[in-house]
Amino acid sequence: MNKDFIFSTESNPTNFSSVKDLAIDVLFGTEFASPAASNLYALGITKTFGGSNIFLRYSPGFFKEFSLLKNQSIVGEDSSDISLKTDLKYYEYFSAGYSYKLNEKLSGGFTLKYFNEEFSQDAVGAVFSDTSISFIRETETETMKLWNIQFGADYLFTPSLRLSLSASNFINMKNGSLSETNKPYELRTPKNVRFALYYQPFQTVEANVLYETANALQVSIGKTFIFDKMSANIGCNYFSDFLLSGIQPSLSFQYGNICAAVSGVVYFSDIQKTASFADLTANGISNLMHNKFSSNKALLNVSYRLNTETERLVQFVDVTISNSIFPTFTEHFANEPFAVARVVNLSDKPVSVKPSSKIDKINSELIYSPNVLVQPKDSATIPFYTVVSEDYFSPKHEISFVNFYVTTENRDADDEMQKPLLINSSNAWDGEVSNLRYFVKRDFNFSSAMAKRLLASHKSELDTTNSALSNFLQAKILFTEIITGMLYIADPLASNDRVQFPHETIDVKGGDCDDLSVCLASLYESIGIETAFVDYRGNDFSRHVHLLFNTNLSPAEAGLITQNDKKYYIRKNSLGEEKIWIPLETTERSNFANAWEKGVEKFSSEALDQLGLIKGTVQIIEIY
Amino acid sequence: MKKIMIMTAILACSLFAQSYKIEKVQGTVKALIGNSEQWVDVKEGTMVSSSTVLMTDKNALIVLSGRGIKFTLKPSAALSVNSLKRMTIDELLLALAMEEILSTPAKKKDDKSINTAIYGTNESGTKTAAVPTNLLGDLKLNGARQLAENGFKETAILTAKETYRKYPDTQKNILTRIYFAEQMMQLSLFDEALTEYSQIQNLPLNDPQTKEVHEKLDFLKKKLSGM
């Protein structure tokens, strides 16, 4: 901020701006001359439109006036001496700037300044009358208007290192002419190239170095202190043009949209309080605010930044769909992300990103995923989760699309992206046995009604049986009623990617191993019999699944169902109670006893004898 | 008689899959073959597969051989022929770990209400076991002990652990449990032995047993802590 108001480089030649939307600045100044003069120095406004920025400044306080006495005087009517003088007035009334950000690193722009120079020379004029001649003071005024153009570019090597290169006085437009008398006092406009480097070694420290070919140098350093709701900055500039040098210490505070800065300009070199014709003729004036006739100053700058537009704090780098949607896996994607996004934090503060998504035809509202904190100027991987409505059903695959959103503190999303997404049919299965549980659950109402209806027809048998055998007997009845007599039907596509819902298996009276296991598990679970899938993975990538169910018998009650202790397995429940579980090979559809024996043979051989449970080739998957 | 003949025929038909020959049978020896529910008599000269369980009555014994092993199962014991095999310590540890995986409790809360459709204490459907289950458990532990005495310590430990699970009453057999805990120590299975002795100390021990168990626990704790 300091460098924008003082020095031969007081302007911002490239009109580089960090204002996101709109900013209004007011600058007051007091010059410690005799007498002290306080002024409204400048009033500025800057507005950003996309990549463009426009700057306008009205600067009534940017002027310099000299009043020099000539060595001539005339005698007035009252016999007093009237001195003749020369008035030199320089004004910078306003300036305007424009810049355009070509990309994230490079921007270019220009500044146009309007100066007005007014030179008044007193002279002695003779007035003749019939009897006498008298001399009067006459004032001749000449004006010159000057349009000064500065232009340049800024390049961000990194977010913390910026190089600015600009040129001034290569293009000037003048309007008016000066006599030979006033010509020496004209505002000097030497061609000048300016190099500036802005560096931020730490988040709260900045250092700048600036050099101009017109022999000027500036070095500044600043430190920002961030508090809960406000920040403070302390800084100091040293400047020199090898004739004149000084410092400009500053202190600023920012609270919300308001920033106030107090700074002072203290010159080390001798300052000339008065100017002479010889001085002005020799060196002239090239900067209205900083010249060898300037006085120490105090400046107060108040800035208000209005943000009417949403400031984008984060944006997507990319979104990768990691899984197509299996609509029957209703809660699966609440734990397993279906997509992963790379998001970058554009701001200079940590940002908590709230991701959300909405899949067309699947979600009726936004589904939010867990927040992720992204460090300043850093990127992070954000997983997207979703849930599928249990009401959704589609018999075929279809292509849909998903809208991804990242939201921060703003009400609206900072960024959004749309991607196509494959929604599999409701019967689709990814081959993971653990996901068969969703097919078990889906038809629970149907299975419960079916199981109860079938068991009701065996009421007398159930009523006269030892209650400890309840689970076992019900399981046996349901197997006999439903599975016995069914056909083994392979998937229509000769693949393992389709699973029938229980009602479908019962309707078509058949299915493959996963269809039959799902159907039986659904019937069992619907009446409170715990089940587990046993997943067999062959070396040739073949898969097989059958069922284990909990008889709810204790080991001591094993004799109620078998004399052979190889036909059951002991498993603990969550209370630590040991219960007897038995396997059922659901593809063995002849009768319950054979299904049990086949299940025992396969499980004992592959899960136990061949250590399949240890090697991972066999896995027990609880359905709930 | 006809039934026995049929079962013998079944036994004979599966000869090709059998690995052990019955060298000698003295007294009453029964076999439970595969997933069968029936115990059948065993005859000399027949072959038995690894899926067979043999059981000797009191005063009975059976000698079987195969795979370079000759084993005598003494009276009042039961043995799975599958146990007659050499295991490394690593294989034993894997087998023990697998049993843990199998018996791992389900993750869900066990808050499911008991089915109320059937209730009561009607015992009319209860089967009568051919061999009382608690007796079979004791016989199996005897068989396991004989395995250990004949150098099959690994399979003996595995058999004992399985028997404890499937026949819970056998867990109260203090002498047998101390015996197999000692076998674990001899195989340097200190973690497993510590777990076993920790459970044994909760049983109603007499004074010498209490002293022995505490000494073993102290030793194992020091051993495992590296002291």
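Modeller: Quick ground rules: residues count from 1 along each chain as its sequence is written, while chains are lettered from A and ligands numbered from 1 in the order in which they are written. As the model is predicted, local features need pLDDT of at least 70 and side-chain atom pairs count only at pLDDT 80 or more, whereas totals for chains, interfaces and linings use all residues.

Colleague: Fine. Why is A:Leu455 called buried?

Modeller: A residue is buried if 20 or more other C-beta atoms lie within 10 Å of its own, exposed if 12 or fewer, and partly exposed in between, with C-beta atoms placed from the backbone. A:Leu455 has 21 C-beta neighbours inside 10 Å, so it counts as buried. You'll find A:Leu455 in helix H4 of chain A, residues 444–456. Helices (H or I, at least four residues) and strands (E, at least two) are DSSP runs, numbered from the N terminus.

Colleague: What makes E5(B) and E8(B) a pair?

Modeller: Two strands pair if DSSP finds at least two bridges between them. Strand E5 (residues 52–56) of chain B has 4 bridges to E8(B), and the two run antiparallel, so they pair. Across that pairing, B:Leu54 stands opposite B:Leu79. B:Leu79 and B:Ala77 point one way from E8(B), B:Ala78 and B:Ser80 point the other way, and all are buried.

Colleague: And in chain A, what makes E28 and E30 edge strands?

Modeller: They belong to an open sheet of 5 strands, ordered E28-E29-E27-E26-E30 with antiparallel pairing. Strand E28 (569–572) and strand E30 (618–622) each pair on one side only, which puts them at the edges. For E30(A), strand E26 (residues 531–537) of chain A pairs with it over 5 bridges in the antiparallel sense. Within that pairing, A:Ala532 has A:Glu622 as its bridge partner.

Colleague: What are the overall scores?

Modeller: The ipTM is 0.81 and the pTM 0.62.
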